[in-house]
Amino acid sequence: MKILVTGGLGFIGSHTVVELQNKGYQVVIIDNLSNASLDVLEGVFAITGRVPIFEKLDLKDKSAVQAFFKVHQDIQGIIHFAANKAVGESVVNPLMYYENNINTLVYVLQELTKLKVSNFIFSSSCTVYGQADIMPIAETAPIKPAESPYGNTKQIGEEIIQDTCNINAKLNSIALRYFNPIGAHESAKIGELPIGVPQNLIPYITQTAIGLRDQLSVFGNDYPTIDGTCVRDYIHVVDVAKAHVVALQRLLDHKNQTNFEVFNLGTGTGSTVLEVIKAFEKVSNTKLNYKIVDRRPGDVVSAFADTSKANLELGWKAEHTLEQAMLSSWKWQKVLK
Ligand code: WQD
């Protein structure tokens, strides 16, 4: 069973490739290496003993996408990760985000719907909810105006898929709305590889602890939460990866109830920034150097998932604790140095 994973050398993509191979799937990766390195292939091989087929290809090149699908007519499913995902960067460079995140989705769907079998898993995000009014956030929560061009590309992406599914009963699709994926594979052979100064909390914590950064800035402690810092749902990346395999299997087994379904991927538990820091200090047995600074524009106060739909309908549940995730990040950082 051949599965295409676009962006398969990225953080969540590479962990999903491992879980797909563990389940016996043949994996073809497309990646343009703009935000990933070929070394990740070695990491995947070191874990599974199998090398995925890899094609360096930029999905913005429509004719290259068409040529790829001419060769791989036997693809049984696609998991589409390839996209830019830095919220701040999207604000200063919106057209790059619309071109890369939207055009590529259109080109992949145009080719997929020509195949005999069309199973599609879309990498979406809790960002589509904006600042939800009710916690935990269910899939039925209203989609709020996007807080960034990045978030808008995920909202538009889901609409493009829905509109395509409406006129193409053969296309079966699931959008997975990630909360905050963190951590690394327990082998420490693959993990998060932020380029430059990390935007996300966990890599900034581990880089501070290992001495690459002087001090972590905590963006505000005057929010209406238990300790004043923002709340997020931090979910281990391996749990996120396993959910992709379960979702794909659901489509392959024709168990989906409609041809476009949406599931939250979270733990169902919210943690504040200070709680994350405390968890890290405990598992790493180190004291983290941080200071409280002003709020970061665009941050929502709180976001954590209602996971009941994924638990009940997908039969999937996050298994790792926050501390296990933090420990895996720390183990990975010590390998990276
Ligand atoms: C988490 C918390 C910050 C850095 C991300 C992605 C988004 C989506 C969800 C994929 C916030 C605080 C952070 C720092 C800090 N993922 N923080 N100091 O903003 O929830 O969104 O995950 O779709 O695309 O961007 O994650 O890790 O940036 O921030 O205090 O140096 O940590 O204020 O409260 P976020 P994050």
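This is a predicted model: local features need pLDDT of at least 70, side-chain atom pairs count only at pLDDT 80 or more; totals for chains, interfaces and linings use all residues.
**Helix packing and a few individual residues**

Trainee: How are H7 and H9 oriented to each other?

Mentor: Axes are lines fitted to C-alpha atoms, for helices over the stretch in contact, and angles between N-to-C directions run from 0 to 180 degrees. The axes of H7 (residues 201-210) and H9 (residues 273-284) come within 11 Å and cross at roughly 40°. Under 35 degrees would be roughly parallel, over 145 roughly antiparallel, 65 to 115 roughly perpendicular, and the rest oblique. H7 and H9 are therefore oblique.

Trainee: How many nonpolar residues are in the contact of H7 with H9?

Mentor: Ala, Val, Leu, Ile, Met, Phe, Trp, Tyr, Cys and Pro count as nonpolar, Asp, Glu, Lys and Arg as charged, and the others, Gly among them, as polar. The contact of H7 with H9 has no charged residues and one polar residue. The nonpolar count is eight.

Trainee: H9 also meets H11. How many charged residues does that contact have?

Mentor: The axes of H9 and H11 (residues 322-336) come within 9 Å and cross at roughly 65°. From H9 come Glu-275, Val-276, Ala-279, Phe-280, Lys-282, Val-283 and Ser-284; from H11 come Leu-322, Glu-323, Met-326, Leu-327 and Trp-330. By class, eight are nonpolar and one is polar, and the charged residues number three.

Trainee: What about H7 and H11: how many polar residues are in their contact?

Mentor: H7 and H11 pack at an angle of about 50°, with axes 10 Å apart, and are therefore oblique. H7 gives Ile-202, Pro-203, Ile-205, Thr-206, Gln-207, Ala-209 and Ile-210, while H11 gives Met-326, Ser-329, Trp-330, Gln-333 and Lys-334. Seven residues are nonpolar, one is charged, and the polar count is four.

Trainee: Is Thr-229 buried or exposed?

Mentor: Look in the loop between strand S8 (216-219) and strand S9 (231-232). Buried means under 20% relative accessible area, exposed over 50%, and partly exposed in between (1.4 Å probe, protein chains only). Thr-229 has 0% relative accessibility, so Thr-229 counts as buried.

Trainee: Which residue's backbone nitrogen does the side chain of Thr-229 reach?

Mentor: Beyond four places in sequence, Thr-229 is in contact with residues including Val-218, Gly-220, Asn-221 and Tyr-223. Thr-272 and Val-273 are also among them. At 3.4 Å, the side chain of Thr-229 reaches the backbone nitrogen of Leu-274.

Trainee: Which residues does Ser-302 touch, beyond four places in sequence?

Mentor: Ser-302 is in strand S14 (residues 302-303). At 12% relative accessibility, Ser-302 counts as buried. Its contacts are Gln-131, Met-135, Val-231 and Arg-232.

Trainee: How far apart are the C-alpha atoms of Lys-291 and Phe-219?

Mentor: Lys-291 lies in strand S13 (residues 290-293) and is partly exposed at 39%. Outside four places in sequence, Lys-291 is in contact with Gln-215, Leu-216, Ser-217 and Val-218. Lys-291 and Phe-219 are 72 residues apart along the chain, and their C-alpha atoms are separated by 8.8 Å.

Trainee: What is omega for the cis peptide bond of Met-135 and Pro-136?

Mentor: Most peptide bonds are trans. Pro-136 is in the loop between strand S5 (118-125) and helix H6 (149-166). The cis bond joining Met-135 and Pro-136 has an omega of about -10°.

Trainee: What is the phi of Leu-33?

Mentor: Most residues other than glycine have a negative phi. Leu-33 is in the loop between strand S2 (26-31) and helix H2 (39-48), and is partly exposed at 24%. Its phi is positive, near 60°.

Trainee: And what is the phi of Asn-285?

Mentor: Asn-285 lies in the loop between H9 and S13. At 69% relative accessibility, Asn-285 counts as exposed. Its phi is also a positive value, near 55°.

Notes: Residues are numbered from 1 along each chain as its sequence is written. Side-chain values use heavy atoms; hydrogens and water are left out. Helices (H or I, at least four residues) and strands (E, at least two) are DSSP runs, numbered from the N terminus. A polar contact is a pair of N or O atoms within 3.5 Å; within protein, one must be able to donate a hydrogen and the other to accept it, and residues adjacent in sequence count only if both atoms are side-chain atoms. Contact means heavy atoms within 4.5 Å.
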